[in-house]
Amino acid sequence: MFTQSASDTLGLAQLDLAQIPRQITCDGSDLDWSQALAIEGIQPEEEALQAWMAFRDLRVNQEAGNILRWQGRPLRASRIRFFPKNVAWRYGFSFSTSIRSPLGKGIPTPEEWRYPGLCRYGIVLFQPNAQLVAHQVFESSPEQPQEVDLDPNLDIAFNINDAKGSYGDNSGSFDIYLQVVS
């Protein structure tokens, strides 16, 4: 469990993140991975981020998510560090449902959500497979990136956590900056 507290600066009033698991295992056998969006990484334009790969405009309206590619091939690694940037999306058709934090609403979700127990409308890192190991994405930065161990035989993907079958009314995107550690 993560023991940090989110503050009002995220728009989440004193959320105790200890209730949000860092990762879960859930069923992904109902997902058609051919429907996932392939996002090709680029070299960042920002001089301070030249050591990172940038994956821009990851969509939030595909239940199968966004599979990362680098130099025309699926990105795979056993350990990565990353941070989200430019989180700007909404669920439903109202402007009042704006999400600006990778923690989404900061509320753990019930079993019928795609990634149960992780943050409602939060960003999730996972690897496409019948059994998904999904990691909650937390606030981080280039100075303090989030680090995760992965299966080096599986693709790396990101998405948001929404109720199953409810992704079609989402709009907007987010960026991920990533480094392969090993």
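Reader: What should I know before I start?

Author: Residues are numbered from 1 along each chain as its sequence is written, and side-chain values use heavy atoms, leaving out hydrogens and water. As the model is predicted, local features need pLDDT of at least 70 and side-chain atom pairs count only at pLDDT 80 or more, while totals for chains, interfaces and linings use all residues.

Reader: How many helices and strands does the chain have?

Author: Helices (H or I, at least four residues) and strands (E, at least two) are DSSP runs, numbered from the N terminus. Here you get zero helices and 14 strands.

Reader: What share of the residues is buried?

Author: Buried means under 20% relative accessible area, exposed over 50%, partly exposed in between (1.4 Å probe, protein chains only). In this chain, 49% of the 182 residues are buried.

Reader: And how many salt bridges does the structure hold?

Author: A salt bridge is a side-chain nitrogen of Lys or Arg within 4 Å of a carboxyl oxygen of Asp or Glu. This structure has nine. One of them joins Arg114 and Asp30, at 2.9 Å from N to O. Arg114 sits in the loop between strands S9 and S10 and Asp30 in the loop between S3 and S4, so the pair ties together parts 84 residues apart in sequence.

Reader: Are Arg114 and Asp30 buried or partly exposed?

Author: Arg114 is buried, at 2% relative accessible area, whereas Asp30 is partly exposed at 47%.
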